Amino acid sequence: MKDNQSITFSRRTFIKSGVILAAGLPALRTTPLFGIENRTSGDRLFTLFQQPPTTAKPFVRWWWNGDKLSAKEILRELDVMNEAGIGGVEINPIAFPEGDDLAIPSMKWLSPEWIEMVKVALKGAEERGMVCDIIVGSGWPFGAEFMEGDERSQVMTLTSKKVKGAGEITIPVEDLIKDAEPKIWSKYSGMTAEITSLCLAPLQMDTFKEPLWLPFDKHQPSLQITLPEGEYILYVLIKYTGFQAVINGAPGAAGPVLNHYNKSAVLKFLTRMSDTLFPQLEGMKSFRALFCDSMELEGANWCSDFTDEFKRRRGYDVKPYLPFILSRIGGMGEQVKSDVETVFSGTAQDEVARVRYDFNITCMDIMRDRFLLTYTQWCNQHGYKSRVQTYGLEFHPLEASMNIDIPECETWLGMGKKDHNINDFIQTPAYTNVNKYVASAARLSGKKIVSCEESTNTENVFNATLEQVKITGDQSNLSGVTHSIIHGFNYTPLEAPFPGWVRYGTFLNERNPWWSHFKKWAAYKTRISAVLQESEPYADIAVMHPLADMWTLHGPQRDPFPGLRYPSYQYRVWEGIHHNGNGCDYTSEGVIVKSTAADGYLTYNDRKYHTLILLEVERIMPATAKALANFVAKGGKLIFVAKEPYLSPGMKDHKKNDAAVKRTIDDMKRRYPSRIFTVEAPGDDAVAWFAGIQQQCGIKPYMQIDRPNAAVSQIRQRAGGKDIFFVSNCSMDNRVVLQASFPESKGTPCLWNAETGERFRYPAASGNRLTIDLPPAASQLIVFDTQSDAAEMPALPAETKGTELREWALRMEHINGTVQERRIDRFFDLSEDETTRAFAGHLYYETEVANLDAYHWLDLGKVHGISEVTLNGTPLGSCWYGRHLYRLPEGTTGGTLRIKNITTLGNYFKANPENKPAHGWMHWQQWQTVGIIGPVKLL
């Protein structure tokens, strides 16, 4: 899938070359090969593939930096984005980043002048055929200066001390409040604190006993505490209100985060926007969706009626247990274990753990009912869709997204790669752990759009290449994403000093040296998205995580970057399944109990699975156990990984529920031993592990791969009689060749080229058995179609030694305006030479070649960045990822060969501390490889 625009060859020319097109290297051009017109009569999906709708184009998060806006600049930037193939924007007001603001004043969120800018953007987008979403408020999470009192976020936390009586002690209230204060990143300066209760508990507890509650005077600056005889743990429970500030909030929507557990506060915040902005938009084509960004609530867990709600929902009083289930709060809401706390054992340990589970799911239930459902209802009431990133400590990672019109996940470029190997997408994939949850929720609830905040970039700013953007996007699609919202496009006037106003993100900007090539990736991504949005994702296996166990023993985790993975391999299992030619969704107890079982399948809405895998699950509800037993009784396969269920979660009636679960599981195993398997947990190699599971449990893959490879994964889609496979190689260095059969697929295998919109019959196919050749970073869209009239695949070179070109003149045109020239007899990494380390811009490699009539191809070898090639001034095309291979024109014997290499900006900014806004992103990053490494060969 390469672009090579200038040359069109006849069939005879390719036959004369005497080689077959390698399957992993489809057409090298964005104009149709041979001038063939692919007929589309009656083929709706292929018509959409050739001419995708705007809704399939990538959107961008459009940061309105500091809301320092003008109508002229808004329209100019819409033009820039539209010309680059961007189909829509998410208007996202945000705090101004570091840099020269050109003395432009900020507009306040929802002010008349700000609303006028929104109207300009909406009208401008409509005129350009683009789509607009908008974030509600600014930054994240929701909040604003006008939130008051307990409308602001609240957290109940504690501090504890070991004390000894009998006697009296005095403790300053200020010390206690300071000690328990949440250690979060985005503190609100107007936070208030209130001690709500004190109690004494024993150092150890085997059978649970309610602590001794102590009276105190909340109006005194110090607590006077009378201690009885003995040693105790003194627990002090403290409620903090307005403890968190909106992260990067712009004027008018900064200040304290709202209390998402307080429905009236939620409605107050939302209606401020709908009452002020929406009436001004009447008669205009308005927003597609209203967006809610990351729910980083920093551990918020309280509202004024929480204890009442807990008792209503769980059937008992939570107060006796609060000192033992609450914790101190660290960054991003992570629980911080105290060095001073009661040590539990026996039944007390189990009882406290069960209440912890109940506390956690009560938080999730209140959040769902008072915020999530309220938000979606508000959006729909005003004619918009809700788009939300529904994960984090306060949400069920799967079921929450089922309540959203457009659920969204996130895929990062560079996150977790501070070991400097930013090109390793195998050990540190770009997709986050929430992607599969969100995509599964969308499928279970019948939604076509799985949105993704894609190429999120806070660690690789200015160093991101289009090749990395492609692999990141491909991995998004493999994880279930069907639409990308790229992170992001910075509002920045041309007058702003280079590189402009940069809040975050992969540097999408016309000042980026490779920006003119972005449209090629956008065209590719648009066609992939069009197919995924208009076809049905296929999965034959469902995977359930031990959420009840984790919430009982450890508490929820801060997704998408959990502090704990339970079990440690949990997010590698789905990868192993897909690497081995099966497909899976995640599921949950709530889904399983609402599913039906028949003819060997577990069915929920339109999703059905022949195999259900439980990952070290020990706690399930009795209703879930019954549903599992019914599934197995109706012919389904059930796989327990490492552990089997024998307990129930939660406190109420737990002895009865435990017995019911164990009885049901034991009876099921006794009656259906051939359909129930208990297998070992995977080690480091989930691919090999699941290959063994396929053999042990008789699971047949729909794509039979002779030698699965950890770099290559796949998904399967179906539409209108077509069987569709998206296969991708995430390695930036290694070619992978797979032999694969597709036993369930009917019709002619074709390769749909997502860069050009062409399709061809798959080369050298033997029925439904294919040789899939994937060079580095390559992907394929393989379609089995009983009605296809696709043309024959053209040709590419076989692997040969070739003739290496060694003598070159190198011209370095730096982004800063300087030019260097030198002769080289080998290609080298510019970052390894002190004199070229800081280079960014355009490299020109030039040489004279002869006897070209003996060759057909030019192979550039390893290239960092984008290449463009000319021969005697005639363009041969460009390559922006993977193998940089060019077809040599027939009839040319020699001449001047010139290669242009377009680099990233990172090394330049790393070497320039005087450019503070840019250097701030780069100072900790390593020098990145720059230039053509080769070898450059004639083939």
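**Strand pairing and cysteines in a predicted model**

In this predicted model, Cys292 stands opposite Val388 in strand β13. That pair belongs to a parallel arrangement in which strand β9, residues 289-292, is joined to β13, residues 385-388, by 4 bridges. β13 also pairs with strand β14, residues 406-412, again in the parallel sense, over 2 bridges. Here Arg387 stands opposite Ile406 of β14.

Cys292 itself is buried, with a relative accessible area of 1%. Its sulfur has Cys379 as the closest cysteine sulfur, at 9.0 Å, which is too far for a bond.

Antiparallel pairing is found elsewhere in the chain, in an open sheet of 4 strands with the order β4-β8-β5-β7. Its edge strands are β4 (154-172) and β7 (212-214), each of which pairs on one side only. From one strand to the next, the twist averages 30°. At the β7 end of the order, strand β5, residues 192-201, runs antiparallel to β7 and is joined to it by 3 bridges. Within this pairing, Leu200 of the chain has Leu212 in β7 as its bridge partner. Helix α5, made of residues 173-180, lies across β4, β5 and β8 (222-241). The helix runs at about 135° to β4.

Cys199 counts as buried, at 0% relative accessibility. The closest cysteine sulfur to that of Cys199 is in Cys363, 19 Å away, and therefore too far for a bond. A disulfide is a covalent bond between the sulfur atoms of two cysteines. For a pair to be counted as one, the sulfur atoms have to lie within 2.5 Å. A search of the whole structure finds 0 disulfides.

Gly88 counts as buried, at 0% relative accessibility. Leaving aside residues up to four places away in sequence, Gly88 touches Pro58, Phe59, Val60, Met130 and Val131. Of these contacts, Val60 is 28 residues from Gly88 along the chain, and the C-alpha atoms of the two are separated by 6.5 Å.

Notes. Residues are numbered from 1 along each chain as its sequence is written. This is a predicted model: local features need pLDDT of at least 70, side-chain atom pairs count only at pLDDT 80 or more; totals for chains, interfaces and linings use all residues. Side-chain values use heavy atoms; hydrogens and water are left out. Two strands pair if DSSP finds at least two bridges between them. Axes are lines fitted to C-alpha atoms, for helices over the stretch in contact, and angles run from 0 to 180 degrees between N-to-C directions. Contact means heavy atoms within 4.5 Å. Buried means under 20% relative accessible area, exposed over 50%, partly exposed in between (1.4 Å probe, protein chains only).
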